[in-house]
Structure formats: C-alpha cells, structure tokens
Amino acid sequence: MSWWLSLSKPRLKSKKMKKSIVKEQFARLLMYLSIVIVLILVASIIWTIFSRGAKCLTWEMVTSLPGGGFYIGKEGGFLNAIVGSLYIVLASTAIGLIISVPVVFFLNVYLKTKSKLAYVARLAFDVLFGIPSIVYGAFAFTLMIYFGLRTSLLGGILVETLLIIPILIRSMDEVAKNFPRELLEASYSLGATRWETMGVVMRQIAPGIATATLLSVGRSIGDAAGVMFTAGFSDTIPTSLSQQVATLPLSIFFQLSAPQIEVQNRAYAAALVLTIIVLIISLLGRFITNRFSKHNLR
Amino acid sequence: MRTVTVVALLFVLVMGWGLYQKSAPILGEIPLWNLLTDSTWQPFKNQFGFLPFVMGTIWVTIIAIVISLPLSLFTAIFLTEYSRRCVKKIVYPALDILASLPSVIYGVWGTLVIVPWISDKLAPHFVDFSAGYTTLAAGIVLSIMVLPLLVSLFVELFSSVSVDLRDTAYALGSTRWQTAQKVVMRKSLPGIFASVVLAVSRALGETIAVLMVCGNLPQVPQSVFDACYPLPALIANNYGEMLSLPMYESALMFAALLLFVVVLLFNLVSRIILRKIEEN
Amino acid sequence: MKRFLLRRFLANDSNEPFVPNEKFQHPEVASELVVDHFNLSIDGSPILKDVSVTIPANKITCIIGPSGCGKSTLLKSLNRLSDSIEGVKTSGDIRLGDTSIVNCSDSDLVELRRRIGLVPQRPTPLPMSIFGNIAYGCKIHGVGGRRQLRRIVRHYLKVVGLWDEVKDRLHSPAVKLSIGQQQRLCLARSLAVEPEFILADEATSALDPVSSKIVEDLFVKLKEQYSIVMVTHTLRQALRIADYVIFIYMGEVIEVGDAQQVFKNPQHELTQKYLSGAIS
C-alpha cells in the first residue's frame, strides 16, 4: 500500500492531464487559424474586386451602351447589362412573390402543423432550392424549344422566377413557422375568418417577406447559368419581352474571356458594380432582420 | 392555393421527366454504363464518353470538401463553444458577405488570385509547368463558396445541443475541446453528415465560377495540377453549338439529367436527416 | 485516505473490495466549500449579491428560495459552470478546501470540476452507450484499461442500484433508458470520477414520484461519503432530507443554518413568510 504515501503529498499534474491540455491548445490554435483564414479570404475577395475594379471603373461605363467595336476594346459601357439585370430581377421577384406568398399562407394557416402535405411540400421546395441553376436553365431551354420560344427577356424572367420561388417560399416559411399559433386561435376566437386572420399573420411576417425578397434578389441578380440559356445576350436595352437581353454576370463573363486588356478591365469594373449592388442588398437584409424582428412576438 | 402547392410539387417530377425525354435518344443509342465509363468525347464523330466530365466533377467536389470541411468545423466550433460576442460580430457578417457574393465574382477572384498563385507559387514545387487553370483552382474556389453554407449549418447544429449536456461534460472535468469533440460533435454527427452531403450537392452544380478557373479540357485529370472539365461547365460551354446535332443536344441534356438526379438524391437524403434532427 | 477506503467499502454491495483510483487524489480531511463575499452579475444586472456561506462536508445542504432568486446560478458558480453564460461578471471568492475556484487556471479548473460532481435538472445522457457514459469521465482523466473500467462501471452502477436493470445491455445507447434510470446513470457517472462534492440542480423535478423517491434515498445514503448540495423547489423535499439549509431571496442569502433550526424556528421574517407559503 505504498501508493498511499505518494498520494497524500500534492502531486504534479498527471500525464494524461498534460496531454489533454496540449490537445486543447492545439485545437485552439487550429480554430484561430481557421477564423483567420476565413477572414483573410473575405478580405482578399473584397480587396481584389475593389482594387481592380476601382482602377477601371468610369462614369461612362455605367451610363452608356456598348459602342461599335466594344468587344475589341473600343468605347462604350455596360448599361445594357445593368438595365437588363434589373428588368429580369424586378419582374421575376414580383411574379415570384405573387406565387409564393399564397403558398406560405397555405402551408402555415390552412394546413395543420403536423400535416403530411406540408411536410412533403417543404421537402420539395428544399430540394428545388438545391437544384443547380444550370439544370433549371437547361430544362427551361428545352421547354422554350418545345413551345417555339426563342431566347428572350421573357425566357430569362421565367427561369429566374422558377429559380427564386423555392428560396422565397422556404425563407418566408421559416419566419411564418415560428409564428405563434395561439395568436391565430386568439384571432379565430374573436370571430375572425381565415381571410381576416391572414392580415394578422401578414403583419407578423412582414420583415420575413422583406428579407426573403432581398435574398432572392441577391440570388437572381448574381445568377449566370440560368439566363445563359434563356435570355441570350444583346448590346441594346430590350424594348419588348421577345428580345434578347444582357445581364451583368454574363457581361462580366464574356468580357473577361476576351483577349484584350481593355475589355477585361471593363469586366473588372462590371464585377465591382455587381459586388456593390449585392453588398448593399445583403446589408439591407441584415438591417431589416435586426431592426424589425424585435417588434415581433417570439 | 392548394393547387399552387401541388403544382410546385409536380414541377420536380416534370423537370426530371422533361430532361429524361430529351436525353432518351442518346440513352437509346449508347448504354448508360458505356456513356459513363468511356472517355472519348468527340461529338461530331458521335462519340460521347462522359468519364472525363464525371471524374472532373468528382475531383473538384472532393477537393472542395476536403478543404472546407475542417475549416468550417473549426470555425463553427469556435463560434459556438469558445468565442465571445465581439468575435461573432466580425465573423458572422464576413460569412454573410461570402454567402451573398455571386458565383461570377468568385470566378473573377479565382482568375485574379488563385490561378496566378497556383501557376507561380505552388505548382513549380510539384510539376514542371501549370497554367494555373487547374482542378485545384476550381476546388479551392468551390471550397470557399460552400464554406458559409457549411458553417451556418454547423453553427445551427451545435447550438441545438443542450447547455445541460455541455455542463455535464464540463462538470466531469472535460476541457473545452474534449467537450466539443466528444459531446457536441459526436451528438451532431448525423447532422454533420447531412450538411456535408448538402454541401456536396451544392458544389456539384456550381457552374460559372468553376468554368472560369478549371481549364476546360475534356480529359480525366491525373493530378490536381491538370485542367479538368466538370459537367456544369460542359453544359454551359456548349449550349450554343448543341443545336447543330440532335445527338449532341441529347448528350448535354443527359449531362443535365445526371446532375439533376444526383443532386436530387443528395438533397433528399440530407434534408430528411436534418428535418429529423430539427424535430427532436 | 483510510477514511476514504472505508467509505468506498461501505458503499459497495458486492463482496469484492473496491480500490479507489490512484489517478485521483483525495484530501485527508473532507473539504468544505466556502463562498466568500461572492457577487455575480449578467450584463450589469446583479444576480447574486455579496453571498457568504460555508457549505459543510458530509451533509446534505439544500438551497431553497422562490424561483428566479439565483439558486441555480449560485449552484453553477460553485464549479464555475457560470462561465459559459454570456456577459457574466463575478467578484469575491469561492474555495474548495484551500483551493480557489474563482481564481484558478483553466488546467486547475479541470481538476477542480472533477472534485465537484453535477447532477443536472433533466437527465443528460452523453451520446454514448451506458458503459461509455460512466467510463467517459475516467477516460478523460487517464484511467485506462478495459478491466479496470469494467470494474468501475459495475461498481457505480451497483451504488445507484442500476446494475441489475442494465447489466445485459451495457453497450446499448444510454438515451434508451427511462428518465428515472437516466438520472441514476447521471449520478453514477458523476460518482465515477470520485468527487468530494455533488451538486444537484432540482435533480428530481423531472422524474416521476417513484424514481424521485429512489434518487432521494440515494442522496441520503451517499451523504456518509460525499458532501451534497441541492437546489430544490419543493419545501417538503428539503424538510425530508436536508441537514443544512441556505435560504436565498432576490440574490441575497437571508438565512443559513441547521435544517431543524431553520425550519422549526426561522429567525428572519422573510424566511417565515417563505416557509408559510406567503412568497413563492
């Protein structure tokens, strides 16, 4: 029983303890490293886009259409792409909202919480959300051929609408799902119909709709693979739904693959414009969630 | 409203069916197995071997996950287990920015930063020459694109592990890392798996960014410094000329079908698992 | 040390003598927990105000008081689990024997937390098997060897009277046990690292009456060998098992003393009101 003695006097830390402390510090080191890498990556992306873009960006570029010989480095700008993107994004977001708001209401007000249909529907929208935009593009393209449509503004709007509907629905649904059902019951017990109750729900999930909208705007303005097939490209601003239309991401992509430095520089400028738009949208989204969500019942 | 919901459900099926109809001609001519294992790609000689594209996709995705998984795991553990508010205030907006940037911007950044870095700094240590437009470049760019998705999924998983469970582990004398590793991560293991599957499916379909840095050579990449040609890039690059040959169009639509089916399955699996975790 | 061997032996129902683990150190005399002018605030609002009490060894000490008065926070401060609360600030000191709990390094904290076990409010089985749950604490403190671990697991399962119920399914997940069994498992798990103190945060409140009684009886049996601190919301429970009582109201210690004395002859007006049910 000699180990008694060794125990009664204060001992140094055990080997295992030392080992686990070393492990702890090593893990901490790796974590700091990961955080630093992530931050450096973000900084690098932002810095690269801003520094390269700012050098090339001029007022003329964002206010004029491509001139003659634009793609071999002659003058002109990419207003066509900016306006084209805005057309597609605004139209598709509007149509998307018209379709998806009723679906969200249906899922959350009409259907019971444990409904099978709601489960399957949510799953389906999640899956649709995950389908890559190139597949949407390819599918929409075959549809358009089937219906005898040519690549056009209409095609671009349609494919972007299809693309953002799952995003709109699922992100609004996340907010609506947390909506306290007691409030519904309170409304019903006051003798309100389902339709009137929707007004109550609407007020509660308004910030949710706003963030969802911003999210889908951000997604559709940056999407290139979908519109590549369906909207085509054009050097002018379209005047009807059946004309081809340019978009910012595609404009960046095409200009960057040109061999001339001048054209590539314009791609960097366009990339800067796109980045600024997207950053503003995401800041706005953050602001709305922070500002308005605290007024709501949780 | 019920109709709208049901139509949305049918849309998944219609999409699969439409793509299948379009790819039926090539599937009728060349057996599926040959399509996937043949590596000769000469559309104008009617030879459609998808092996280079399939391998390109797989390689790029594996590289992306290998890089982003440890990075996002450590970041998420740090955010949920270690950090105080001030760190979160910097890291979350940074991740938000990553998540909101369009893929073409990642492409631009990739060609400006990653491609020259690989061709000038990294590749000379390993191979004689590399243009920089490589499988590795595509993998790196892709890994950063799936990073915010993985981190946000992980953070959600880890913060759903109850405080009591952590306290229990601490009270037994665990260090923070032991708690994170043996309790928090172990408890979220199914969720981590599902998240990775989801990230893989996201990576599989990424088009423009990858297209801009991967080199676009229809070959089976032998090393990470070889150019590759993933499936989405194949579709995007050739949509213009595909109408010239019916079989060519069918081949590209088969590529889209392939992507659709794989992404659909991966998404279903991961979403069902995540849903189950959320319910508990 | 002799004292320790003796109490181990008493606890063991089986014939085989139980040898305490040489990896764990035990003081010659059982230590007291001394809380010395301890303050705790969260985001600037004070939760505990100038708390000074001495918690005696080898007794059941009950912390009572109306809900939201800071009972649980005090309990969590005793092994510094309060660290994980966001925005927490403390001053003053808490000592176990002559080691300070408030001002110690992270590595000392690990050892201190081993010496103070915790039984949480709701049972928290770690995401492992029954065996793994009990062996976990020993493993992280470097107690190894399959045979030794098996002996430890068997011993502590017998102490909490769970052995006969689970001996055939030691390797099935712990979450499959009933709630009452899980709580006894949690108790066994914290005993397995040979603590001196056991903190119990309303440990019976989530249990059915029968399991609740079993756990209560266990505490009474265990007090010969361990010092037990309990937060309880049921006065009757405190009446049944407490040796020593701390009454807290609005973050302040109002009355401390022997259970008999506090319950039969409360000195302070607030205590009288609380005991008569006027405040709750």
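Colleague: Which side chain does E196(C) meet in a salt bridge?
Modeller: The partner is R115(C), with N to O at 2.8 Å. A salt bridge here means a side-chain nitrogen of Lys or Arg within 4 Å of a carboxyl oxygen of Asp or Glu. This is a predicted model, where local features need pLDDT of at least 70 and side-chain atom pairs count only at pLDDT 80 or more, while totals for chains, interfaces and linings use all residues. Residues are numbered from 1 along each chain as its sequence is written, chains are lettered from A and ligands numbered from 1 in the order in which they are written, and side-chain values use heavy atoms, leaving out hydrogens and water.

Colleague: Where do E196(C) and R115(C) lie?
Modeller: E196(C) is in the loop between helix 7 (179–191) and strand 7 (197–201) of chain C, and R115(C) is in helix 3 (residues 106–115), so the bridge ties together parts 81 residues apart in sequence. Helices (H or I, at least four residues) and strands (E, at least two) are DSSP runs, numbered from the N terminus.

Colleague: Is E196(C) buried or exposed?
Modeller: Buried, at 7% relative accessibility. R115(C) is buried too, at 13%. Buried means under 20% relative accessible area, exposed over 50%, partly exposed in between (1.4 Å probe, protein chains only).

Colleague: And what does D164(C) form a salt bridge with?
Modeller: K167(C), with the closest N and O atoms 3.6 Å apart. D164(C) is exposed at 60%, and K167(C) is partly exposed at 39%.

Colleague: Other topic: which residues are linked in a network of salt bridges?
Modeller: R122(A), D126(A), R170(A), D173(A), E174(A) and R275(B).

Colleague: How many salt bridges over all chains?
Modeller: The count is 20.
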